[in-house]
Amino acid sequence: MNKNMIKMFDLTGKNALVTGGSSGIGLGIAEGLLEAGASVVLAAENDAVFEHAERLQKQGYPAHPILVDLMGGEEAVNRLMSETLSHFGDRLDILVNAAGRSGTAKPEEFPTDLYDKILDLNLRVVFLLCRAAGAHMISHKIKGKIINIASMNAFFGGTDTPAYSASKGGVAQLTKTLANAWMQYGINVNAFAPGWIKTGMTAPYMNQPGRYDHLFERLPAGRWGTPDDFKGPAVFLASDACEYISGCILPVDGGYLVR
Ligand SMILES: NC(=O)c1ccc[n+]([C@@H]2O[C@H](COP(=O)([O-])OP(=O)(O)OC[C@H]3O[C@@H](n4cnc5c(N)ncnc54)[C@H](O)[C@@H]3O)[C@@H](O)[C@H]2O)c1
């Protein structure tokens, strides 16, 4: 391969923060960024973040764990940013917002506190982290990359997921707005819209034969996705290769959206 082409995707020397880096899609993305040469902070609220950082360090990758419960809101976000910047020597190039949660109930019975918690983590915290990272990148003249995680629910309505669907629609619109505002600084803001990916979040669906079969039949890829399916797309959206792409909601869905 041409050396300039390899360089375009090379993340050597780049510093990345990945929330939700202790499992599922966030962990898959973190591993992809590490494999492309980046240094990565894995942030999550559970101890698995230490186990994965240690496993990756043993493989020779610069992975660093930070334990943070992002339901702590602005204070937790500020602490995470400050610890991340201190670890990286005051330079952040890539932010991936993969921490998220779901919760299901009939809309007419949906509990207010559950609605608030889902919107807080999936949308408010994403905004707070984007704002902090964007301000840092602008003030340090860093041509940074921000990757958010929307969902197929940013395109379709759900049925028993009013909070989750509202949050993911919000993430898509937030991503487009930040892309508009920050492309002038050379900052690219994009989002993935994952289809059906095998993670802890979707495990309950995998155990429902009727639902699983219905979803499986609608997947042109003929299989559910895995966190590894995000490695290549994440390296692309975190690299110089996507310099002219911003505000894109990229489906990583095995073709689910177009069937
Ligand atoms: N799995 C899918 O099919 C699918 C589809 C569409 C969108 N998504 C989105 O992808 C993202 C990752 O989800 P996943 O499927 O990998 O599930 P997952 O449960 O494996 O990962 C969720 C991550 O968020 C972290 N997290 C949860 N609460 C947190 C908190 N309070 N503070 C800090 N971190 C917290 C968890 O530690 C974990 O690392 C989510 O935003 C989810 O909505 C997933």
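D90 is exposed, with 11 other C-beta atoms within 10 Å; here a residue counts as buried if 20 or more other C-beta atoms lie within 10 Å of its own, as exposed if 12 or fewer, and as partly exposed in between, with C-beta atoms placed from the backbone. Do keep in mind that this is a predicted model, in which local features need pLDDT of at least 70, side-chain atom pairs count only at pLDDT 80 or more, and totals for chains, interfaces and linings use all residues. Residues are numbered from 1 along each chain as its sequence is written.

D90 is found in the loop between α4 (73–88) and β4 (94–97). Helices (H or I, at least four residues) and strands (E, at least two) are DSSP runs, numbered from the N terminus. Most residues other than glycine have a negative phi. D90, however, has a positive phi near 65 degrees. K141 also has a positive phi, about 50 degrees, although it is not a glycine. K141 lies in the loop between α5 and β5 (145–149) and counts as exposed, with 9 C-beta neighbours inside 10 Å.

Next come the helix pairs. Two packed helices are described by the angle between their axes and the distance between the axes. Axes are lines fitted to C-alpha atoms, for helices over the stretch in contact, and angles run from 0 to 180 degrees between N-to-C directions.

| Helix pair | Angle | Axis distance |
|---|---|---|
| α5 (residues 112–139) and α6 (residues 162–182) | about 15 degrees | 9 Å |
| α4 and α5 | about 45 degrees | 10 Å |

The angle makes α5 roughly parallel to α6, whereas α4 and α5 are oblique to each other. Angles under 35 degrees count as roughly parallel, over 145 as roughly antiparallel, 65 to 115 as roughly perpendicular and the rest as oblique. The crossing of α5 and α6 is right-handed, and the crossing of α4 and α5 is right-handed too; that word applies if the near helix is turned clockwise from the far one by less than a right angle, and left-handed if anticlockwise.

Which residues make these contacts (C-beta atoms, placed from the backbone, within 7 Å)? Between α5 and α6, the α5 side includes L114, Y115, I118 and L119, and the α6 side includes A163, Y164, L178 and W182. This contact divides into 15 nonpolar, four polar and one charged residue. Ala, Val, Leu, Ile, Met, Phe, Trp, Tyr, Cys and Pro count as nonpolar, Asp, Glu, Lys and Arg as charged, and the others, Gly among them, as polar. From α4, residues G73, E74, V77 and M81 meet D120, V125, L128, L129 and A132 in α5. By class, that contact has six nonpolar, one polar and two charged residues.

Let us turn to buried positions. A193 sits in strand β6 (residues 188–194) and is buried, with 23 other C-beta atoms within 10 Å. Leaving out residues up to four places away in sequence, A193 touches A150, S151, M152, A154, F155, I249, L250, P251 and D253. In helix α9 (residues 231–238), the buried residues are A234, V235, L237 and A238. They pack against α1 (3–9), β1 (15–19), α2, β4, β5 and β6.

Finally, the ligand. Of the 28 residues around the ligand, G20, G24, L70, G100 and T199 come nearest; a residue is near a molecule if its C-beta atom, placed from the backbone, lies within 6 Å of it. Helix α2 (residues 24–35) gives the most to this shell, with three residues. The shell divides into 13 nonpolar, twelve polar and three charged residues.

Notes:
Contact = placed C-beta atoms within 7 Å.
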